[in-house]
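Please open the model in your viewer and keep the selection tool at hand. The stops below go from the whole chain to single residues.

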Amino acid sequence: MLTISAVRTVSYYTNLATEDYYLGAGEPPGQWYGLGSRNLGLYGNTVEKADIEALINGGAPSGAPLVQNTYSDKRRLGWDCTFSAPKSVSILWARADDNLRSKIQTAQSQAAKRGIDALERYAAFTRRGKAGETLERTAGLVAATFNHCTSREQDPQLHTHAVICNVAPRADDSWGSLESRKIYQWQKAAGAIYRAELAAQIKELGFQVERDEDSFHLSGVDKELCEHFSKRSKTIREELKKQGVESSASKAGDLIKLDTRKDKGLVDHHALLEGWQNEMDQQGFSKEHLNQIRSHEQICLNELNEDGSLLSITDKKATFKPQDLFYQIAIDSVGSDMNATSVESITKRLLKDPEVVELPTEYAFDPKYTTESVLVCERMMVKSAKTLASRTTKQIPNIQIASAIASAENQLGFTFDDEQLEATYSMLSAGDFSIIQGSAGAGKTTAMLAANHAYQIKGYRVLGASIAKRAADNLQQETGIESVTIASLTSKIVDGANPLSNLDVLVVDEAGQLPSTDLQKLTHCAEQANCKIVLTGEDKQLDAINRGGALKYLSKPEIIGTTRIETIKRQRTEWARQVVADLRDGHMEKAFNTLNDKGCLHFGEDQETAKKMLVEDWHNFQKTHPNKKSLVVAQKWSDVQELSKHIRDIHISEGRVGQENIELDCSVAGKTFKTEFSKGDRIKFCRNDYRDLKVSNGTLGTISGIRKTEGLETELTVKADDGRLLSFLASDYADENGTYLCHAYALTVYSSQGVTVDGNTFVYGDAGMDRVNSYVSLSRHKDFSNLYVTQDEVDFLTRVYEQENIIESNLTSRHLGTVVPRQKSSALAIEEQLSC
């Protein structure tokens, strides 16, 4: 792992330079590294207190200023880049004899240097000119490296601090400050290169390594032993959870590491080693076991598939940067015979491969790439969409459109406004590919109801589809159009069938969530089947998880174009509609101020308090409004699970859910966990099964029976929301990790898009709630939407984003509006190709 923290005080690092290692306390002295240190005559020298103090403050060892703001209290001092070995390597080091331990330490030091080399070659930039308008490469970095072997909880933990001073030589022998944004952009790649080198060197010492997500683990070292010696990691994980931060590899994560960092005090290495080894003996990791897992025969457990690495990136996004490919190649190389040099060589060669296409870029030193395969797929999608749009086989005459609108108005009990009329006429009189975009709750579904009336008059066969099952169900309920998930259609295409061959019109709702790859398949099938496609959605809402940006690109006037419905109607009060509009337009502070004024913004001191408030308010609403609907939403899956558990407990206590509490291992979206199920539980099917159960990922139901069979299997009977009664063994709807089921008392924000709730919604907000997620989650309701956040988290994020102390005042909605992160929008590769 590579973590990067801004240096905020000089004293910590000057103390590192003076610790008395040779008396048995402290850690070994640091060494200067980097091409910039060569310019100063420091390369390879021991880090002395006076030298590092001068350089961190922007001065030369002589005290002479190197940059304009030398010794200013406003300058950025530098960055602590910490390369931490996987815990299994640290345990191996602690268990080893002196000779092997020395070799492992050397491997750690060399691997960290390869990581620094990567930052130096690809992420070391400085600015010059007025307001720093010109970006240029540096001639090297000045880094003070400190190799340490203990965590702050006194566990074995090999890690190297590389303190990169905020001074760097330029090609003309002048000096400048570093552009830190580039260093953070290369953080994941440099960390992966470091791990690739460390894995290769550990392998040369006779140990087998296996991939462990984006890191690696030593074969033969028990993971429970690793957890036993990971007290520091536990502390960080607990604080991450408390602050609602998803990953430690972030600016927020870096600040958490600083906040939780304790003084190591004096470190007696001999005593620590003896204590660690005694603990390892007790847990079965003895010298003999170490020798058993060591082999001098080199075995290659993994052959790098270069095309597979490239596909791993472009499966998720249409364009990528060099650091993305460096990262992917590095993590895919684990277990092969590749070191950091090999990773770099292969990555550079792939970037010049004919399959890889360099795209125009707006900024210097910010290259971007795609592949010919991605471009071909996107061009095919656009070509098919344009071909369909040029056809008019499903055009409805104006007189029949008017009749359909009148029929829909009569059914709904209100008249269409001008935007809805325009959208309906445009959709029904246009060619065989049309797009309607509209704000959340503006009435896109209302227009689709009229469209369905018109198509029924013509006798057309119409099918609706959406990424999320809940959104597909909502479309069917509100328009009468039979609707399925996109996955059910694409699975037939993969099997060689054309699912549109017997259709006249396909309506795709929440089309912003549709990957360009899926849309290419559907447009091709529609072109072959003479079927019209209607896309409805909004490119300001949630994008596709993989390969997004299709709706936004096709909606451009010069491509296909779109009709927009902007006037929000879903909410019953004007102020609530205005809140949704403000969220849509990015006026976060104004939206939160209004929610606060209306009593819909709730602050808890911590996560537990905020969640308790949410559940209590939901429960009170359910009791006082028994005929109203409600929805509980959270951004993270872990929060959804926790809220679901609290709500389920209430249902159990009030007798709506039984107390069988049969525990199952569950497997959902790569996550494994244990969950108890009882009669009356609301559940969600989390995996498509179109052959046997005929359910989609997102199908909802209620358990009407659950029991253990004589063979100790769990048998469930579920009444699906579509009325079917499904009976099955849990093991028949499962993989080796568990059953594809979870509770359905709360939804993720992503799953909630497309849902309308005739009542109140209760939203748990966290650090991941950017504008788009806030807009989607706080626009599902007709009555009131309540947002619950933690005071500690917003104060913490204020520190992260403003890089200063916590604001000295009571928390207000203004602060919340300030720290909501900006969303990242996707773009097609062909759009990037033509953008500059």
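What follows is a short tour of this predicted model.

Residues are numbered from 1 along each chain as its sequence is written. In this predicted model, local features need pLDDT of at least 70 and side-chain atom pairs count only at pLDDT 80 or more, while totals for chains, interfaces and linings use all residues, and side-chain values use heavy atoms, with hydrogens and water left out.

Of its 836 residues, 56% count as buried, meaning under 20% relative accessible area with a 1.4 Å probe, protein chains only.

Next, select I104, L119, I202, F207 and L218, the residues with the most contacts inside the largest nonpolar core, which has 78 residues (a core being buried Ala, Val, Leu, Ile, Met, Phe, Trp, Tyr and Cys residues joined through side-chain atoms within 4.5 Å). Domain 1 (2-232 + 271-295) and domain 2 (304-371) both contribute residues, so this core lies between them; the domain bounds come from an automatic or database domain assignment. A second, separate core of 42 residues includes L643, V657, F685 and V718.

Now move to strand β1 (residues 2-6), where four of the five residues are buried. β1 pairs with strand β3 (residues 78-84) in the antiparallel sense over five bridges, pairing requiring at least two DSSP bridges between the strands, and I4 has C81 as its bridge partner in β3.

Finally, select helix α3 (residues 49-56), whose buried residues are D51, I52, A54, L55 and I56; after α3 comes G58, with a positive phi near 95°.

Key
Buried means under 20% relative accessible area, exposed over 50%, partly exposed in between (1.4 Å probe, protein chains only). Helices (H or I, at least four residues) and strands (E, at least two) are DSSP runs, numbered from the N terminus.
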